[in-house]
Structure formats: C-alpha cells, structure tokens
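Subject: The structure we talked about

Hello,

Here is the structure I promised to pass on. Please have a look at it first; my notes follow below.

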Amino acid sequence: MEELKLEKELRERRNQERASRHGDTFVPSSRFDELPDEFDPTGRLPGSFDDGDPQTTNLYVGNLSPKVDENFLLRTFGRFGPIASVKIMWPRTEEERKRQRHCGFVAFMNRAEGQAAKDEMQGVVVYDYELKIGWGKSVALPSQALPAPPPGHMAIRNKE
C-alpha cells in the first residue's frame, strides 16, 4: 500500500512539474500519459505492439482523430489490398476521452500489402492528426477478407 502511495505522489509531482514548465493547468495522469506517443519498433511496450513476428500483417495506426471510425479505416487502407480486420480502440474512461486521440489496428491478408500501406500512410495527416504507423502483434486471419469498398469510395486516395 505504501508503494502505491509513493508511486501516486511521484506521478502527481511529475505532472505538476510538467504543467508548470508548459504553463498548463494540472491534469491528473493516466497510464496512457506515461506511454510514449511514438511506436516502439523494438516491441518492448506492453499491449498490442509489435511482438517481433516478421510475418505479422497487423498494422498499428496511432494518433487517430476522434472523427475516424472503422469504416473510414477500411476505406482508407482498403486500396492497398484485402483487409482481414479493422479495430479502433475506443476510449473507455473519461481520462482516455480527454486525450482527444485514438489508436487502431488494420490487419491485412498478407504482409506485402501491409508493408505498402505502412510505407504510404506513415505521416499522412487526417483531420489535422498526423498518423503514426507501425507493426502490431500478429492476429489470426479469417478465411475471407472484409468486403472491399466500391471503387471511388476510398477515404484517402494518396498522400497528397
């Protein structure tokens, strides 16, 4: 119990120091505030980040606007090839909602199409949010891909 109290005090002190440096008002931290915003390619972060599998087809899509939904991701990434699954990690708490950004995962049916999407979509700005793309943990692939959006219905056609 004492360890938990000490950790909480240290976290609050760090947040107060951060707020005073930036002139912000104090906002209690959450476990998400302590994770880096950028994808860790070494795969050492907890959760659904890259586990080192060189065959994974699952892309981590970070720094998503709250306006983006699964359908938007399907239409945006669908031009690169068949997609196995799309998932947005919707906020579950008020703290997560205050972050004003989400992350998600787009799993392709094969690695080459995922690599093309990763290369092309890295840094693309969507609703004023710059996408951060990396590999996620491998997921089981279904026997059939999700239905592709009709031609002409892609959300983003290219980087421009």
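When I speak of a contact below, I mean heavy atoms within 4.5 Å. Please also keep in mind that this is a predicted model.

With that in hand, let me begin at Phe108. Which residues does Phe108 touch, leaving aside its neighbours within four places in sequence? Its partners are Thr57, Leu59, Phe77, Phe80, Gly81, Pro82, Ile83, Ala84, Glu113, Gly114, Ala117 and Leu141.

Now the overall picture. The chain has four helices and six strands, and reading along the sequence gives the pattern α-β-α-β-α-β-α-β-β-β. Of the 160 residues in the chain, 35% are buried. The accessible surface comes to about 10,200 Å², with 51% of it belonging to carbon and sulfur atoms. If you take the contacts between residues at least 6 apart in sequence, 72% of them join residues at least 24 apart.

The largest nonpolar core has 21 residues, and the ones that touch the most other members are Leu73, Phe77, Phe108 and Leu131. At least two residues of this core come from each of E1, H2, E2, E3, H4 and E6. Which element gives the largest share of this core? That is H2, with four residues.

Helix H2 deserves a paragraph of its own. Its buried residues are Phe72, Leu73, Leu74, Thr76 and Phe77. Together they pack against E1, strand E2 (83-89), strand E3 (102-108), helix H4 (111-121), E4 and strand E6 (132-135).

On to the aromatic rings, where the count comes to four pairs. The ring centres of Phe72 and Tyr127 are 5.7 Å apart and their planes are at 40°, so this pair is tilted. It links distant parts of the chain, 55 residues apart: Phe72 belongs to helix H2 (residues 70-77), while Tyr127 is in the loop between strand E4 (125-126) and strand E5 (129-130). Are these two residues buried or exposed? Phe72 has a relative accessible area of 10%, so it is buried. Tyr127, at 39%, is partly exposed. Phe77 and Phe80 make another tilted pair, 6.5 Å centre to centre with 50° between the planes, and both of these residues are buried.

There is also a charge over a ring. The charged end of Arg111 sits over the ring of Trp135, 3.8 Å from the ring centre.

Asn58 lies in strand E1 (residues 58-64). Why does Asn58 count as buried? Its relative accessibility is 4%, and the cut-off for buried is under 20%. What does the side chain of Asn58 find there? One of its polar atoms lies 2.9 Å from the backbone oxygen of Lys137.

Best wishes

How values were computed
Residues numbered from 1 in each chain as written. Predicted model: local features only at pLDDT ≥ 70, side-chain atom pairs only at ≥ 80, totals over all residues. Heavy atoms only, no water. Buried < 20%, exposed > 50% of the residue type's maximum accessible area, 1.4 Å probe, protein only. Polar contact = N/O pair within 3.5 Å; in protein donor to acceptor, adjacent residues only side chain to side chain. Phe/Tyr/Trp six-rings, centres within 6.5 Å; stacked < 30°, edge-to-face > 60°. Lys NZ or Arg CZ within 6 Å of the ring centre and 35° of its normal. Areas by Shrake-Rupley, 256 points an atom, 1.4 Å probe, with all protein chains shown as cover. Core = buried A, V, L, I, M, F, W, Y, C linked by side-chain atoms within 4.5 Å.
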